[in-house]
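This report describes selected packing and backbone features of one protein structure. Please read the text with the sequence and the model at hand.

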Amino acid sequence: MSGLTRITGILVLYGLAIFFLLGLGFYRGIEVILVLSVPVAVSGGLWGMPAGVLSAVASFLCSLPFVPDKLLPWAGMCYIAVGGGMGLWHRLTHPPVSKRARPAEHQLFRRSLNFVYVIDADGQILEGNDRAHEVFGSPRRVWEFIHPDDQARFREELGHAALRGEAGPTKFRTISHSKEMIPVELKLVRLEQNRFAPLALEMRDLSALAELENKVREAQARYRYLIEDAIDTLNTGILLLDKDQRVIWANRTLERFFDIDRDDMVGCEVRRALGRAKRLLANPDDLERIINGSADPFIFTVRAHTTERILEYRSIPVATERYKGGRIDHFIDITEKKRLEESLHEKTKRLEEKNQQLEQFTHVVSHDLKEPLRTISAFSQYLLEDYYEKLDDDGKDYLNRINRASLRMQNLIDDLLRLSRIGTRHETLEKVYLSEVFEQIKEDMKARLENVDLRLPKTMPIIIANRTHMVELFSNLISNAIKYNDKPLKRIEIGWSQQGEFYKFYVRDNGIGIEEQYREKIFELFERLNPRGDDYESTGAGLTICKRIVEEYGGRIWVESKVGEGSTFYFTLPNPRFSQRFSGNGTTIHGAALAQSTLR
Ligand code: ADP
């Protein structure tokens with residue numbers, strides 16, 4: 001209350017008192033003293049000691065015309081006693097903020113990011129910090145910014161704080177000077193022991209937190225719907241049960257599988273929830289296994305309307321705290337998978353039969369073909385030996401041609417047979433010491449390797465393979481390296497290296513080389529780049545056989561070449577250290593143990 005208002009208030013009181021005295025005609029001392037004591041008591045009680053003393057003086061002056069002289073000292077004492085007494089009472093109930101209780105002088109108070117006020121027990125604001133001023137302007141009482149609906153609650157908190165020394169933290173709503181609602185968490189602390197002492201009101205702005213909470217809530221709801229939608233579109237029926245075997249939730253897929261409305265299931269005991277599905281099961285006993293939550297997965301058939309489905313049942317106990325003791329049942333639709341499996345099985349069976357027939361056919365045909373061939377070859381040989389002199393030059397030439405053609409035909413059939421055997425029979429796999437393979441090749445090709453500079457690495461790896469395959473693979477490449485070489489000193493270099501889970505081998509020659517455009521083609525069956533009339537050994541199947549062997553082991557073969565300078569054939573074979581396929585059936589090879597075999 002401003003000074004001017006106080007003075008006006010006192011004047012009004014005096015006016016009323018004088019009007020009262022004059023109006024009632026009280027001119028005697030005691031009544032005058034009593035009436036003029038009233039404004040003294042009011043101003044002392046309302047505005048404190050100075051106001052009380054001032055009023056006492058004013059009342060004394062007013063008493064002079066009315067009160068007899070002998071009573072004047074008594075009047076003065078009475079006014080002083082009333083004004084002083086009421087002033088004292090005011091002081092007790094409205095103590096000034098002591099030095100200790102003046103947080104406004106403290107940096108922390110002024111600079112705090114929270115809204116801080118010092119208030120009295122009636123909610124009168126004594127001071128406020130910068131932040132409070134910025135947001136709430138200059139309120140005189142807390143009621144100006146506490147949300148109307150929260151004011152009753154705040155009053156209670158204020159009462160608590162005055163009584164116990166502190167209250168809160170409690171959440172309230174406030175209204176800023178720009179009429180915005182600001183949620184706050186507030187705390188009230190009495191600044192001194194006295195129950196009438198001022199209180200510190202500290203409010204933490206929760207707007208950002210509330211906004212964040214809203215966002216989190218929205219996001220949670222969005223994701224929940226999203227997840228529910230996603231689970232609803234799964235091809236797997238899902239049933240969530242609590243520890244009392246009651247359905248907590250079921251997805252739309254399950255609804256479809258069992259033709260039961262999921263809203264009818266939720267809250268029901270599982271036996272009742274799924275009871276209606278019994279008539280749809282091919283084997284009604286399966287329902288009991290589902291109800292009991294069979295720990296072993298099983299497959300069953302269900303027929304809803306016209307659709308028959310094969311479902312796989314799996315039950316998983318729930319471990320999370322919230323639904324502990326409950327379970328999640330999965331009904332996986334494996335109808336399509338089963339159909340595919342069956343058709344694949346059928347196809348594989350047919351393919352195997354066909355392969356077997358083909359193998360038999362190749363075998364029979366090649367043997368049957370070889371028989372007349374052998375006769376042609378034998379008789380042309382007899383003719384050459386016994387009748388050579390009786391034939392003229394043309395006759396000799398024809399006979400030689402017949403002989404070479406039959407030999408070539410024999411080679412072709414042999415190659416075809418070898419090719420057809422790769423991968424069709426279950427060749428035995430064994431630990432193959434490649435160093436030994438080379439010993440054999442050197443022995444077999446002794447004559448052809450004369451005058452050939454064959455360079456072998458000091459060590460060769462040990463692999464798991466069919467030994468005959470390895471001999472064939474390396475012999476074919478070495479034989480080509482000799483055959484397609486026009487240099488006076490033929491050089492062949494063989495090497496290998498580790499490449500991830502494979503070994504990479506190479507056979508390099510200084511031969512005629514291969515033009516870029518044929519580097520893929522030469523691996524095709526019967527493809528020959530340099531057919532020579534008199535060369536009945538070359539069939540064009542050698543590299544095809546190499547390719548088939550390498551691919552049979554999961555490897556790859558390719559060639560790099562420079563025409564006129566030579567070619568390098570590369571191929572990869574699995575390193576048994578990494579290979580699952582070759583580590584079974586008793587031939588498990590471990591790491592370094594299979595390291596390398598030494599070439600002599
Ligand atoms: P063949 O040797 O019986 O003709 P291959 O399948 O072994 O059949 O080889 C196919 C063709 O690839 C050969 O005819 C030859 O032209 C070419 N070729 C193979 N190896 C080499 C090589 N080391 N250098 C040059 N050409 C080669």
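**Basis**

The structure is a predicted model, in which local features need pLDDT of at least 70 and side-chain atom pairs count only at pLDDT 80 or more, while totals for chains, interfaces and linings use all residues. Residues are numbered from 1 along each chain as its sequence is written, and side-chain values use heavy atoms, with hydrogens and water left out.

**Nonpolar cores**

A nonpolar core is here a set of buried Ala, Val, Leu, Ile, Met, Phe, Trp, Tyr and Cys residues joined through side-chain atoms within 4.5 Å. Buried means under 20% relative accessible area, exposed means over 50%, and partly exposed lies in between (1.4 Å probe, protein chains only). Helices (H or I, at least four residues) and strands (E, at least two) are DSSP runs numbered from the N terminus.

The largest core has 41 residues, and those that touch the most other members are Leu434, Met470, Leu473, Phe474, Ile478, Phe505 and Phe571. At least two residues each come from helix 15 (434-444), strand 13 (459-465), helix 16, strand 14 (490-499), strand 15 (502-509), helix 17, strand 16 and strand 17. Helix 16 gives the largest share, 8 residues.

Contacts are counted between heavy atoms within 4.5 Å. Not counting residues up to four places away in sequence, Ile478 touches Phe438, Ile441, Met445, Leu449, Ile492 and Ile494.

**Aromatic pairs**

Rings of Phe, Tyr and Trp (its six-membered ring) pair if their centres lie within 6.5 Å; planes under 30 degrees apart count as stacked, over 60 as edge-to-face and the rest as tilted. The structure holds 21 such pairs. In one of them, Phe505 and Phe571 are stacked, at 5.3 Å centre to centre and 20° between the planes. Phe505 belongs to strand 15 and Phe571 to strand 17, so this pair ties together parts 66 residues apart in sequence. Phe505 is buried, at 0% relative accessible area, and Phe571 is buried, also at 0%.

**Helix 17**

Helix 17 spans residues 542-552, and its buried residues are Leu543, Thr544, Ile545, Cys546, Ile549 and Val550. They pack against helix 14 (393-421), helix 16 (467-483), strand 16 (557-562) and strand 17 (566-574).

How do helix 14 and helix 17 lie relative to each other? Their axes come within 10 Å and cross at roughly 10°. Axes are lines fitted to C-alpha atoms, for helices over the stretch in contact, and angles run from 0 to 180 degrees between N-to-C directions. Helix 14 and helix 17 are therefore roughly parallel to each other. Angles under 35 degrees count as roughly parallel, over 145 as roughly antiparallel, 65 to 115 as roughly perpendicular and the rest as oblique. Asp415, Arg418 and Leu419 of helix 14 make the contact with Thr544, Ile545 and Arg548 of helix 17.

After helix 17 comes Gly554, whose phi is positive, near 85°.

Most residues other than glycine have a negative phi, and most peptide bonds are trans.

| Residue | Phi | Relative accessible area |
|---|---|---|
| Gln245 | near 65° | 22%, partly exposed |
| Asn451 | near 60° | 68%, exposed |

Gln245 is in the loop between strand 6 (236-241) and strand 7 (247-250). Asn451 is in the loop between helix 15 and strand 12 (452-455).

**Other single residues**

Helix 3 (residues 49-63) contains Ser55, which is buried at 1% relative accessibility. Not counting residues up to four places away in sequence, Ser55 touches Ile10, Tyr14, Pro39, Val40 and Ser43. Phe60 is also found in helix 3 and is partly exposed, with a relative accessible area of 29%. Leaving aside neighbours within four places in sequence, Phe60 is in contact with Leu72, Gly76 and Tyr79.

Ala121 lies in the loop between strand 1 (115-119) and strand 2 (125-128) and is partly exposed at 30% relative accessibility. Not counting residues up to four places away in sequence, Ala121 touches Leu158 and Leu199.
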